[in-house]
Amino acid sequence: IACYKACEILRLLRKDGANVQVMMSQSALKFISKTTFAALSGQEVLVDLFPNSSKSGLEHIELANTLDAIIIVPATANILCKVANGIADDIVTTTLSVCDQPTLFAPAMNFRMWENPATINAVDILRDKGNIILDPHEGLLASLHEGNGRLADPRQIILAIHELFNIPLPLKNKKILITAGPTQEPIDSVRFISNYSSGKMGYALAKKAHSMGGLVTLISGPTYLNSPSGIEHISINSAKEMYRAVHSSIKDKDFIFMAAAVADYSSKNISKQKLKRSNQNITIELTPNPDILKSISKKTTAKIIGFALETNNGEKEALRKLNEKKCDYIILNYADEKGAGFNSSTNRVTK
Ligand code: C5P
């Protein structure tokens with residue numbers, strides 16, 4: 001599985017603009033084909049120390065000089081022990097033996113292998129030499145055992161690579177709370193009132209904050225979006241649930257982005273049974289929901305960023321909300337503008 005996750009890491013690196021040369025050991029080829037990596041990297045994958053096409057037999061050394069960093073993913077117990085002890089018997093270990101560029105190992109293995117004294121010793125040796133070795137994660141392993149041995153999350157590996165290149169992480173270790181999506185306010189056991197919010201804004205903020213090194217908690221109403229990996233995700237349905245989730249997550253936060261489209265009202269009497277159809281008009285009595293954004297300023301020292309989705313009188317309304325809800329910033333966008341507002345993948349805002 002970790003070999004497949006390497007594909008995701010390659011894809012993310014390419015998205016960041018990196019030029020990636022893939023090398024694979026013979027064991028890696030037993031798990032995944034080199035064609036996959038060739039397609040994703042757009043380059044030939046190197047697997048042989050002495051390929052038939054070799055001109056000088058020293059191409060790997062020439063290539064090693066052109067690299068800016070080396071990432072070993074997944075790093076097995078085998079490669080950690082070999083590299084720590086200077087063994088160079090295939091294309092990967094030989095290249096590593098001649099490289100002094102920044103090197104990052106992302107281990108994945110059976111938990112007993114990770115706890116094996118030989119592996120522990122190898123990790124110590126490699127760390128002493130200045131290599132970065134990420135700690136594997138705890139969880140269910142391929143052997144169905146629980147333990148320390150799962151590959152670190154791909155986005156965490158990308159963050160570690162950014163650090164390797166001294167790419168600044170302006171939100172490093174900052175605690176960030178983000179609300180996203182609509183809320184659903186039940187009327188009866190099968191119906192609810194909601195709005196057209198897709199959650200895209202809050203999820204995009206969560207992804208970006210995480211990629212800048214932030215520790216992100218995303219509190220989201222129901223959406224069709226996949227939760228970005230590497231962040232804490234809390235699912236809620238109604239405004240009251242979101243209120244409770246926000247207040248129990250608020251502690252120690254540095255930034256709070258309130259991007260959710262919280263329903264302003266909820267049904268006063270929620271029918272336990274499905275309301276029956278009739279030919280009469282019906283009235284649903286609505287009561288105001290708590291204003292979550294307004295309720296947090298006294299409970300936190302975080303910078304608070306609210307959103308104002310308007311259809312008219314935008315700037316005036318946004319300024320009013322900025323003051324009433326005691327935000328540090330308010331982001332104004334228009335619901336009826338093309339390429340902005342609900343369910344759009346782009347937005348145009350006034351800060
Ligand atoms: O008043 P309005 O709904 O336009 O305010 C929008 C801002 O307030 C958004 O940041 C939204 O997430 C937040 N909000 C809230 N709780 C509510 C209503 C809005 O947190 N009940």
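**Residues and ligand shell in a predicted model**

Good morning. T93 is placed in helix α6, which covers residues 91-98. Helices (H or I, at least four residues) and strands (E, at least two) are DSSP runs, numbered from the N terminus. What we have before us is a predicted model, in which local features need pLDDT of at least 70, side-chain atom pairs count only at pLDDT 80 or more, and totals for chains, interfaces and linings use all residues. Residues are numbered from 1 along each chain as its sequence is written, and side-chain values use heavy atoms, with hydrogens and water left out.

Let me stay with T93 for a moment. Is T93 buried or exposed? T93 counts as buried because its relative accessible area is 2%; buried means under 20%, exposed over 50%, and partly exposed in between, with a 1.4 Å probe and protein chains only. The side chain of T93 also reaches the backbone nitrogen of D89, at 3.1 Å. This is a polar contact, that is, a pair of N or O atoms within 3.5 Å; within protein, one must be able to donate a hydrogen and the other to accept it, and residues adjacent in sequence count only if both atoms are side-chain atoms.

I turn next to D188. This residue belongs to the loop between β7 (185-186) and β8 (192-193). D188 has 3% relative accessibility and is therefore classed as buried. Which backbone nitrogens does the side chain of D188 reach? One belongs to V190, with a polar atom of the D188 side chain 2.8 Å away. Another is the backbone nitrogen of L275, at 2.9 Å from the D188 side chain.

Strand β7 itself contains P186. With a relative accessible area of 31%, P186 is partly exposed. In sequence, P186 and A263 are 77 residues apart, while their C-alpha atoms are 11 Å apart in space.

Two further residues illustrate separation along the chain. A152 sits in the loop between β5 (146-150) and α9 (154-164), and its relative accessible area of 5% makes it buried. Between the C-alpha atoms of A152 and H137 there are 5.6 Å, although these residues are 15 positions apart along the chain. L46 is found in the loop between α3 (34-41) and α4 (59-66). At 23% relative accessible area, L46 is partly exposed.

Now to the backbone geometry. Where is a cis peptide bond? The bond from V73 to P74 is cis, with omega near -5 degrees, and P74 is part of strand β1, residues 70-75.

D252 is not a glycine, yet it has a positive phi of about 65 degrees. D252 lies in the loop between α11 (239-249) and β11 (255-258), and is partly exposed at a relative accessible area of 49%. N313, likewise not a glycine, has a positive phi of about 55 degrees. Its loop runs between β14 and α13 (314-324). For N313 the relative accessible area is 49%, so this residue is partly exposed.

Finally, the ligand. Which residues are around the ligand? They are M258, A260, V262, D264, P290, D291, I292, L293, G306, F307, K321 and K325, each with a heavy atom within 4 Å of the ligand. At least two residues of this shell come from α12 (292-296), and at least two from β14 (303-310). By class, seven of the shell residues are nonpolar, one is polar and four are charged. In this scheme Ala, Val, Leu, Ile, Met, Phe, Trp, Tyr, Cys and Pro count as nonpolar, Asp, Glu, Lys and Arg as charged, and the others, Gly among them, as polar.

A polar backbone atom of A260 is 2.7 Å from a ligand oxygen. For L293, a backbone N or O atom lies 2.8 Å from an oxygen atom of the ligand. In K325, an N or O atom of the side chain is 2.9 Å from a ligand oxygen. Taken alone, the ligand exposes 450 Å², and the protein buries 87% of that, by the Shrake-Rupley method with a 1.4 Å probe.

Thank you for your attention.
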